[in-house]
Protein chains: 4
Amino acid sequence: MLLHPLPWPDGKRLAASITFDIDADSLIRNARPEDGHLRLAPVSMGRYGPTVAVPRILDTYQRLGLRQTFFMPGWVMEAYPATVEAILKGGHEIGHHSWRHEDPMGHSDAREAELFHRALDVHVRMTGRRPRGYRAPVYNATPGIIARLIDEGFVYDSSLMADEMPYLLKAPQGELIELPPHWGTDDWPPFAHFEEIGYLMPVRGPSDGLRAFFQEYEAARAAGGFWMPVLHPFLTGRLARWAVMEQWLEETLRQGDAWFAPLEEIAAHANANRDMLRTDTIGEPE
Amino acid sequence: MLLHPLPWPDGKRLAASITFDIDADSLIRNARPEDGHLRLAPVSMGRYGPTVAVPRILDTYQRLGLRQTFFMPGWVMEAYPATVEAILKGGHEIGHHSWRHEDPMGHSDAREAELFHRALDVHVRMTGRRPRGYRAPVYNATPGIIARLIDEGFVYDSSLMADEMPYLLKAPQGELIELPPHWGTDDWPPFAHFEEIGYLMPVRGPSDGLRAFFQEYEAARAAGGFWMPVLHPFLTGRLARWAVMEQWLEETLRQGDAWFAPLEEIAAHANANRDMLRTDTIGEPE
Amino acid sequence: MLLHPLPWPDGKRLAASITFDIDADSLIRNARPEDGHLRLAPVSMGRYGPTVAVPRILDTYQRLGLRQTFFMPGWVMEAYPATVEAILKGGHEIGHHSWRHEDPMGHSDAREAELFHRALDVHVRMTGRRPRGYRAPVYNATPGIIARLIDEGFVYDSSLMADEMPYLLKAPQGELIELPPHWGTDDWPPFAHFEEIGYLMPVRGPSDGLRAFFQEYEAARAAGGFWMPVLHPFLTGRLARWAVMEQWLEETLRQGDAWFAPLEEIAAHANANRDMLRTDTIGEPE
Amino acid sequence: MLLHPLPWPDGKRLAASITFDIDADSLIRNARPEDGHLRLAPVSMGRYGPTVAVPRILDTYQRLGLRQTFFMPGWVMEAYPATVEAILKGGHEIGHHSWRHEDPMGHSDAREAELFHRALDVHVRMTGRRPRGYRAPVYNATPGIIARLIDEGFVYDSSLMADEMPYLLKAPQGELIELPPHWGTDDWPPFAHFEEIGYLMPVRGPSDGLRAFFQEYEAARAAGGFWMPVLHPFLTGRLARWAVMEQWLEETLRQGDAWFAPLEEIAAHANANRDMLRTDTIGEPE
C-alpha cells in the first residue's frame with residue numbers, strides 16, 4: 001500500500017533509477033587527510049570505481065539503452081575527467097555529491113557552503129550545466145544544505161528517508177523534491193569492507209547480496225512505487241556482481257514494467273504532480 | 001518442550017502478538033541531543049515509521065481483523081498525534097515505552113521516574129486511559145523501573161528474557177506479568193543500519209530477514225507457546241518487508257492455529273492462570 | 001584428510017560431543033561489576049540458560065539416551081544448584097569453567113589461581129568429585145592456567161585450537177589432552193547479540209545458524225574425526241533453535257555413525273591412544 | 001566486460017591462482033607484543049595453519065597436480081621450517097609477506113625497510129632464491145614499499161585493487177606487475193572471528209562462505225579474466241571448509257577451463273604481454 005501513489009509515464013507500473021555514487025579515493029583521502037595518500041590499498045580500491053567499473057556499467061547501459069544517474073564529488077570529477085566525459089557522452093545525469101565526501105557535521109555551515117560552491121563550479125565547468133540534484137555523503141544532509149539547495153535552484157535532493165515515494169521537502173526557504181534512498185537498497189551493507197574508515201561488513205556473495213535489491217524491485221512493482229538502489233562502482237561494479245546485475249537488468253527490461261529514467265526526469269515528473277505528493281517539513285514533527 | 005505451558009483461549013494452539021515499537025526520531029534526538037535535529041537522514045529515517053509505515057501496518061491489520069500492540073515513547077506520541085489517533089481508532093493497544101527512548105542506566109532513578117511520569121501523563125491525556133503494559137528502550141529495565149510499574153498498577157512488562165512463556169516477575173514491591181522478548185525475534189539485528197548510534201548490521205533482504213521470525217512462529221506453534229516479535233515500523237514496515245510479512249500473516253490467519261491478541265489480553269489471560277506460570281525473582285538467582 | 005586419525009570405540013566413524021557452557025548471568029555481572037545486577041535484561045537473558053534451556057536439553061538427552069558435557073563457572077553452580085543437580089542426575093559431566101567467567105588476562109595469575117580453586121571447591125562440594133576437564137572463558141587459557149590444570153591432575157583442557165583432533169598439549173609441567181573447539185562450531189557468532197559486552201552479531205535464523213554445525217559434522221564423519229560444538233543454553237537452547245537441533249540429533253543417532261560421549265570419555269580414549277596423537281608444545285613454535 | 005583482456009596460455013579461458021597467506025601466530029604476537037605469547041587460544045588458532053591446514057592443502061594440491069602460491073612472513077618461516085620445506089617440496093611458490101605481519105603505517109619507512117630485508121634474508125636462506133612476489137599484510141602497501149619492491153627486482157605485488165586483471169603499477173622508481181586481490185574473494189570476511197585484533201565476523205557455514213568465491217570464479221570464467229582468492233590456512237584450511245573447496249577444485253579441474261598457476265607464472269605471462277595491460281600510477285589520479 002502506498003499512501004501517495006503517482007501515475008507513471010506511458011502507463012508504466014513503477015519508476016526505477018539505478019544511481020551510482022562515484023566516490024573513488026575521496027573516501028580514504030577524506031577520512032585520513034594526513035596519510036590517506038600513502039594507503040595504497042584503499043586508494044586503489046576507490047580508483048577501481050571510475051577507471052574499471054564505470055566503463056563496464058556505461059557499456060551495459062549503452063547496450064540496453066538506459067540513461068541513469070551518477071553522483072560525483074567535485075574532487076573526483078577533477079581527478080577523473082575521462083570518467084565525467086564518458087558518463088556525459090552516454091547521456092547520463094551527474095548529480096552533486098559534495099566536494100570530497102566530507103561529513104557536514106564535521107565543520108561549520110560556512111565551510112560546507114564554500115566546499116559546496118567549489119564542487120558546483122566544477123560541475124558547471126565540466127558538464128556545461130548546473131546539476132539538478134544532490135546527494136549528501138553518507139546521506140548526511142543538514143538544514144543548511146537543504147536551504148542551500150533551494151537557494152541554488154536545485155530541483156531535488158536524494159538523501160532523506162521519510163518515505164519510499166518521491167515527496168515534497170518543505171523548508172523555511174522553499175521546497176525541493178526528495179527522491180528517498182534507504183539502507184535496504186544501498187550496497188555498502190552487503191559489500192563494503194573498509195577497515196580504514198571503520199566499516200567492516202561480512203561481504204556477501206554477488207547473488208546473495210543483490211537478491212535483496214531485486215526483491216525490493218518486485219515490491220515496488222507490485223505497489224506501483226519507486227525503486228532507486230544506491231550503488232557504488234567499486235562495490236557493485238565489480239565483475240561478478242555486475243554480471244548478476246546486468247543479467248537481471250536484461251530480464252527486467254524485457255518485461256517492460258518499469259520506467260527507467262535518470263533522477264532528474266523522475267523529479268520533474270514528481271514536480272509536475274506536486275499536489276499528489278506527500279509533504280515533509282524539515283526538522284519539524286508534523 | 002515448555003516447562004510452563006498454558007492453555008490458550010478457544011483451543012488455539014499458540015498465542016501470538018506482533019508488537020511494534022514506534023521510536024520515530026526519538027532515537028537520534030536522544031543519542032545526539034546537541035545536534036540530532038541537524039542530522040536529517042536519521043531524523044527522516046525515524047519519521048518514516050509513524051507517517052508511512054504505521055498507516056500501512058494499520059491498513060493490513062484492519063483488513064485482516066487484527067488488533068495488536070504498539071509501544072510509543074511519550075515524546076513520540078506528542079510529536080505524532082495523528083499516529084496515536086489512527087492506532088486507537090483501529091482498536092489497538094498503546095504501551096508505555098519511556099519518554100524519549102532514554103537509557104535508564106544513564107541517569108538517576110529519580111530522573112527516570114520523572115520522565116516515566118511525564119510519558120504516563122501523555123498516555124492518559126492522549127489515549128484516555130493508563131497503559132497496562134511497558135517495554136523499556138532497548139529492553140533496559142532496572143529494578144527501579146519494575147518497582148515503579150508495580151506501584152503504578154501496570155499489569156505487565158515486556159522487556160525481560162528469562163523465559164519464552166509469559167511468566168511472573170516477583171519484586172519486593174509485588175508482582176508483574178512478564179511477556180518476554182528475545183533477540184531472535186527482534187528486527188534490529190536483520191535490518192537496522194544506524195551509524196549515528198553505533199549500530200551497523202549487514203542489512204538482510206526482506207524474505208531473508210523475516211524467515212527467522214516465521215521459523216520461530218512454527219516452533220511456538222509446535223510447542224503450544226507464545227510468539228511475540230518486536231518490530232519497528234521504520235524497519236519491518238518498509239514496503240518490501242511488510243509485503244512479505246503481510247502475505248505470511250494472511251496465510252497464517254487462514255490456518256487459524258494462533259490466538260492473535262494485543263499484549264494486554266495475553267497478560268490478562270496469563271494473570272488469570274497465575275498458578276501455572278513460572279516465577280522469576282528480580283535480580284536474585286533462584 | 002586427518003594427520004593424526006584415531007580409531008573410535010565400537011567401530012564408530014567419528015566421535016561427537018555436544019558441549020554447553022552454562023554462563024548464565026555471570027557474563028553481565030563479570031563485565032559490569034558495578035551495575036550488572038541492575039541490568040535486568042542481560043541478567044534475565046542469562047538466567048534463561050539454567051532455568052529454561054537446560055531442562056529442555058536434559059529432557060532431549062534423556063529421551064535419546066545421551067550423556068554429554070556441561071561447563072559451569074563455580075559462581076553459576078552456586079547460584080543454580082537445581083541445575084547442577086539435574087545435570088548430574090542425567091549422568092552428564094560437569095567441567096570446570098572458571099569462577100565467574102572472568103578474563104585471566106585481566107588479573108595476576110595468583111588471583112586467577114585463587115578463583116580457580118574457589119570454583120574447584122564448589123565442584124567437589126556440589127558434584128562429589130573433582131572435574132576431569134576445563135574450558136577457559138572465551139577460550140582464554142594462559143600458560144599459568146595450563147600449568148595449574150596439570151598440577152591439579154586434570155585430564156583434559158578444551159580451550160585451544162591447534163588441531164581438530166584431540167591432541168597432546170605439552171607444557172614444562174607435564175601434559176594434558178586437548179579437545180579443541182573452534183569458532184566455526186561455536187554458537188556465539190550465529191546467535192549472540194549482547195550490546196553490554198560489545199558483541200553484536202546479526203542473529204541468524206534457527207536453521208540458518210545451525211546448518212554450519214551440521215555441515216561440520218558431515219565433514220568430521222567423512223574424515224573419521226571429532227565433532228564438538230560449543231553451545232550456550234541461552235542461545236542454542238532457545239525453543240526454535242533447540243527444535244532444529246533435536247530433530248537433527250534424532251536423525252543422526254538413527255544413522256548410528258557417531259560415538260556420542262561426554263568429553264571425559266573421549267579424553268580417556270585419546271589418553272589410551274597417546275602415541276597416535278599429535279603433540280603441541282605450549283607457547284613454543286615447533 | 002574486461003577493459004584489458006589477456007589471452008591465456010594453451011587457449012585456457014581464464015587464469016586462476018589460489019593464494020594462501022600463512023600468518024600463523026604472527027597475528028596475535030604482532031597485535032599484542034606485550035602479552036600475545038600468553039594468549040594461547042589465538043596462538044593455537046594461528047598454529048593450526050602451518051601444522052594442520054597446510055599439510056592438508058598440500059596433499060590436495062599434490063593429488064590434483066596443482067602448483068600454487070603461499071605468502072609467508074619471515075618470522076613464520078623461521079618458526080615453521082617444516083612447513084616451508086613441505087611447500088617447496090610440492091613445487092609451490094613462496095612470496096614475501098613482511099617480517100611478522102606488522103602494519104607499515106605504524107612505523108617509519110626506514111624501520112619497514114629493515115624488517116623487509118630481515119624477511120628477505122630468511123627467504124633467500126630457506127628457499128635458496130629471492131622471492132618474485134610480495135603481498136602486504138592486510139594489503140597495506142605504501143609508496144615506500146612499492147619503491148623497495150622495484151628496487152629489489154621483484155616482478156609483482158599482490159596487494160592493490162585498482163583492477164581485476166593483472167595490471168602495470170607505475171611508480172617513480174619503475175614498474176611492477178600488480179596481481180590484484182579484492183575483499184570479495186578474501187576469506188577473512190566469511191570466516192574470521194578474532195576478538196583480540198578487533199575483527200569479529202559472523203562466521204559463515206563452509207558452503208555458505210565459499211559459495212561467493214565460486215561465483216566469482218564463474219564470472220571470471222565467463223569474462224576470460226583472472227581469479228585469485230586470498231585464503232588463510234587457519235580459516236579455509238579447516239576440515240569442513242577445505243572439504244568443500246577440494247570437491248569444487250576437483251570438479252573445476254575436470255572442466256579444464258582454467259590455467260591454474262602460481263602467481264609468479266601469471267606475473268611472467270602478464271609481463272610478456274605488457275603492452276596489453278592497464279597502467280596505474282601510484283598515488284596519482286589519472
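This is a predicted model: local features need pLDDT of at least 70, side-chain atom pairs count only at pLDDT 80 or more; totals for chains, interfaces and linings use all residues.
## The sheet of chain D

Strand E1 (residues 14-16) of chain D and E11(D) pair in the parallel sense over 2 bridges; two strands count as paired if DSSP finds at least two bridges between them. Within E11(D), D:Trp227 is the bridge partner of D:Ala16. Residues are numbered from 1 along each chain as its sequence is written, chains are lettered from A and ligands numbered from 1 in the order in which they are written, and side-chain values use heavy atoms, with hydrogens and water left out.

The open sheet of chain D has 3 strands in the order E11-E1-E13, with parallel pairing. Strand E11 (226-227) and strand E13 (258-260) of chain D are at the edges and have a single partner strand each, so one side of each is left without a neighbour in the sheet. Strands of a sheet pair through backbone hydrogen bonds, either parallel or antiparallel. Helix H11 (residues 263-272) of chain D lies across E1, E11 and E13 of chain D, at about 120° to E13(D). Such angles run from 0 to 180 degrees between N-to-C directions, and axes are lines fitted to C-alpha atoms, for helices over the stretch in contact.

## The sheet of chain A

Strand E1 (residues 14-16) of chain A runs parallel to E13(A) and is joined to it by 3 bridges. A:Ala16 has A:Phe260 as its bridge partner in E13(A).

## Helix H4 of chain A

Which residues of helix H4 (residues 81-89) of chain A are buried? They are A:Thr83, A:Val84 and A:Ile87, where buried means under 20% relative accessible area, exposed over 50% and partly exposed in between (1.4 Å probe, protein chains only). Seen down the axis of H4(A), these buried residues fall within an arc of 100°, so they line one face of the helix; the arc is that of the directions from the helix axis to the C-beta atoms.

The face of H4(A) turned away from the buried side carries the exposed residues A:Ala82, A:Glu85 and A:Lys89. The buried residues of H4(A) pack against several elements of chain A, including helix H2 (40-64), strand E3 (69-72) and helix H5 (109-127). After H4(A) comes A:Gly91, with a positive phi near 80°.

## Between the chains

The axes of helix H8 (residues 206-223) of chain A and helix H10 (residues 239-255) of chain B come within 8 Å and cross at roughly 80°. That makes H8(A) roughly perpendicular to H10(B), the term for 65 to 115 degrees; angles under 35 degrees count as roughly parallel, over 145 as roughly antiparallel and the rest as oblique. Among the residues that meet are A:Gln215 and A:Glu216 in H8(A) and B:Leu239 and B:Val244 in H10(B).

No contact joins chain A and chain C, whose closest C-alpha atoms lie 10 Å apart. Chain B and chain D likewise have no contact, and their closest C-alpha atoms lie 10 Å apart.

Notes:
Helices (H or I, at least four residues) and strands (E, at least two) are DSSP runs, numbered from the N terminus. Contact means heavy atoms within 4.5 Å.
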